[in-house]
Amino acid sequence: MTVSQNCSLGGCNVPAIDDIRSPTNAIEPDMRAQIVLSLKQAEPVLPSMLIWDDTGPSLFENLTQQPTYYPFHEELAILTRWADEMARQVKPGSLLLELGCGDLTKTRVLLSAFERCQRPITYYALDISERDLTRGLRRLSQVFRQSRYVQVHGLLGSYEDGMQWLATDAGDTGVPEAVKAQGVTVLWVGNSLANYSRTEAGALLDGFVRSCGLRHLPCQFFLGLDSCQDLDKMGACYDLSPGSPLETLIMHGLRTANKYLGSKVFDLRKWSAHAHYELRDHTLYIYYVPTHDKRLLVDGCVQNLEDRILAITSGKWLLSDIEEMCSAAGLQISKSWWSESQHYGFHAIQPATTETGLMAKTGILQPASRG
Ligand SMILES: C[S@@+](CC[C@H](N)C(=O)[O-])C[C@H]1O[C@@H](n2cnc3c(N)ncnc32)[C@H](O)[C@@H]1O
């Protein structure tokens, strides 16, 4: 692991960013192979990581500025209202690890609550996009540079890298000694967990609990999840008309795919993006759909597509779906905070073991009621 004091973009006013990318989790080398393989499948799926290159997060930020993009606004409203109560759910002196932190706008609201409540916290922002991690941390450090309670750090890597980082004793770049006894709160907002199926999501959460367990670190989660079932509201939010912020973000995935494939396999003028909400699993599916020709020339071979390529999924899980996922992963919800519309929730989740009781007794998890 290397440690970079990143001075290239933000000057030296950016908190140190630890580069925890592991070669075994490397995305780049096998991305081309993954794309080619997936295009040969009966139901092709392009890796969502294609959207999250260094440009993707800024395109996502444009999307969040749309008044109709309720997941951002409702989550921000929940944090603005309940951040103090949330901060009190975290034991003073513990580690707060945020996965896929993005531009950190919402995080700033939560961290300010730790400052207000005088609860010391060591915060690590993790993202795969170096450019946006640097940009977000530069903004955040302006607010917390003088803070007595909030220490800010960056981790450059994937979710899997973050999991390994928690599990490994890596000297200076690992979990700081000072926070080990107090435990870890994993923060995952923006409904990003629901880009996975519920089974995959449960396995990911379980992976983080296990990583913490290997180091005897008590672990809990703060998850921001979208439970909206209002189809009109979803329709306005997920506007995929040509040139809309969401369409631009999604189509960016095809541009990145061309980069990996080394040629203009996807002519963007001949593709559109379509969304379909599946009531059976409460999940929104966004597809790339060819408007002209279902044939693609990949590696000199013609691929005949059935009709569409899956770009991204976004679960709109009901509370019962979330409870089911948690239960399958040996977890339980200890507290939920809902937006005014009740369409978006922020959930504190912890392992459902007897150890949990012990953690609650020691104050790592406060006894909490369902909100
Ligand atoms: C939908 S944005 C959410 C950003 C922020 N959490 C928010 O709610 O506004 C997803 C973020 O996760 C990052 N990301 C996506 N896949 C990732 C992965 N496998 N590992 C680490 N970061 C990832 C992206 O770069 C992007 O910043």
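Which of the 17 residues around the ligand come nearest? I looked this up and found Gly-100, Gly-102, Ile-128, Ser-158 and Gly-190. A residue counts as near if its C-beta atom, placed from the backbone, lies within 6 Å of the molecule.

I noted that the model is predicted, that local features need pLDDT of at least 70 and side-chain atom pairs 80 or more, and that totals for chains, interfaces and linings use all residues. Residues are numbered from 1 along each chain as its sequence is written.

I sorted the ligand shell by class and got 8 nonpolar, 6 polar and 3 charged residues. Gly counts as polar here.

Next I looked up the largest nonpolar core, which has 93 residues. Such a core joins buried nonpolar residues through C-beta atoms within 7 Å, and buried means 20 or more other C-beta atoms within 10 Å of the residue's own. Leu-97 is one of the residues with the most contacts inside this core. Leaving out residues up to four places away in sequence, Leu-97 touches Tyr-124, Leu-126, Gly-162, Val-184, Val-186 and Leu-187; contact means C-beta atoms within 7 Å.

Then I turned to an open sheet of 3 strands, ordered β8-β9-β12 with antiparallel pairing. Pairing requires at least two DSSP bridges, and strands are DSSP runs of at least two residues, helices of at least four. The edge strands are β8 (271–278) and β12 (309–315). I found 8 bridges between β8 and β9 (residues 283–290), with His-276 opposite Tyr-285. Helix α10 (residues 245–261) packs on the sheet and touches β8, β9 and β12.

Notes: Buried ≥ 20, exposed ≤ 12 C-beta atoms within 10 Å, placed from the backbone. Contact = placed C-beta atoms within 7 Å. Axes fitted to C-alpha atoms, helices over the stretch in contact; angles between N-to-C directions.
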